[in-house]
Amino acid sequence: MIPLFDITRQYSKIKSEIIEAIDNVLSNGRVILGQEVERLEQNIANFIGVKFGIGVANGSDALVIALKAMGIKKGDKVITTPYTFFATASAIVRNGGIPIFVDVDSETYNIDLNQVEEILKKEKVFGIIPVHLFGQTVDLEGLYYLKEKYGIKILEDCAQSIGSEGILNGQVKKSGSIGDAAIFSFFPTKNLGAYGDGGMIVTDDEKIYEKAKMLRVHGAKKKYFHEEIGFNSRLDEIQAAILNVKFKYLNSWTENRIKIAKKYKEEFEKHKLEVIYPKILNKPYKYHVFHQYVVKFKSNKIREKVREYLSENKVGTSLYYPVPLHLQKCFAYLGYKEGNLPVSEELSKTTLALPIFPELEEKEIEIIVQKIKEAIEEVE
């Protein structure tokens, strides 16, 4: 079996370090918001290149709390992508806001900033939540331009992109470093994943930092004195300890993911398959960290045949995402119809995520692509 993601291979290599880190937490008795959370907050903030980190319970809460800390009000409009995980848009609604969905670019699958600007020219908008999808950085210069020209807030959704980079004013910047705030998820399948839930908000803005820190503990700066209604959303001390161990390996694991993407490319080229796979560009920075490796087929029929054939041959796959957000039942009240955002709709029918994790072996990639070849030949 070749799984879509395998947590056990990684754990077997760092098991002793993980067990020691957990034991240290339990032995010192500080299991809620202790030194491990504080260390991880500083580690991530330094890594991204910002001043502050706020550990929270999960990436979904990070989105909700960050938006609230940024000052969103009921009825505020926020632009985002329909081709992403549900939490990105639900965070807007949970804060009383109104999502505006903008289609994605057909090559990167990231939000189309040209379409975003067309809306900004016509409507008053609170902000944008760009998603650095599958680990590929949204154009940072484009985001910064929109922020400066239109005075909007930007909350970067970096749940899938920790360590990815872009260029701003000729300098390499990490995703998560140019918005008013950014969020990260430490869900177990992420490039930096815990063994349970976890999330973080990062920012350079001290007001956002103080507000988010207060909101994660029921809106209280001082225990039992509540300034507003907040949340119970604290990053677990044990998960933080685990993440501090894994953080040391993040760069090397990212390099492995990039090598795996290059190997996939070689195999697709060798077999001359009509599959659109992520481009491997010769850039001196990590524009893509390959949280997911998503390929596109000519039709839904071929995609489904490949998915079925790989499953029969014990190769794990997944659909990211089978229904774009603007067509989800819970967002029907917004009035979007099929055909409104054609690129996202086409991707939902024709893309497939293939196995990728740092310990995936070259031989396994060769098998996966060979099986895809066999499946396509059966259809044709």
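Start by selecting Glu156 and Ala182: Glu156 stands opposite Ala182 in strand β8 (strands are DSSP runs of E, at least two residues, and helices runs of H or I, at least four, numbered from the N terminus). Before moving on, note that this is a predicted model, where local features need pLDDT of at least 70 and side-chain atom pairs count only at pLDDT 80 or more, while totals for chains, interfaces and linings use all residues. Residues are numbered from 1 along each chain as its sequence is written, and side-chain values use heavy atoms, leaving out hydrogens and water.

Now widen the selection to the neighbouring strands. Residues 153–157 form β5, which pairs with β8 in the parallel sense over three bridges (pairing requires at least two DSSP bridges between two strands). Strand β9, residues 199–203, pairs with β8 in the antiparallel sense over four bridges; there, Gly199 is the bridge partner of Ser185.

Next, colour β8 itself, residues 181–185. Because five of its five residues are buried, β8 is largely enclosed by the rest of the structure (buried means under 20% relative accessible area, with a 1.4 Å probe and protein chains only). Ala181, Ile183 and Ser185 cover one side, Ala182 and Phe184 the other.

Then go to Leu354. Setting aside neighbours within four places in sequence, Leu354 is in contact with residues including Leu4, Tyr264, Phe268 and Ile372 (contact means heavy atoms within 4.5 Å). Leu354 is also among the residues touching the most other members of the largest nonpolar core, which has 29 residues (a core is a set of buried Ala, Val, Leu, Ile, Met, Phe, Trp, Tyr and Cys residues joined through side-chain atoms within 4.5 Å).

Notes. Buried < 20%, exposed > 50% of the residue type's maximum accessible area, 1.4 Å probe, protein only.
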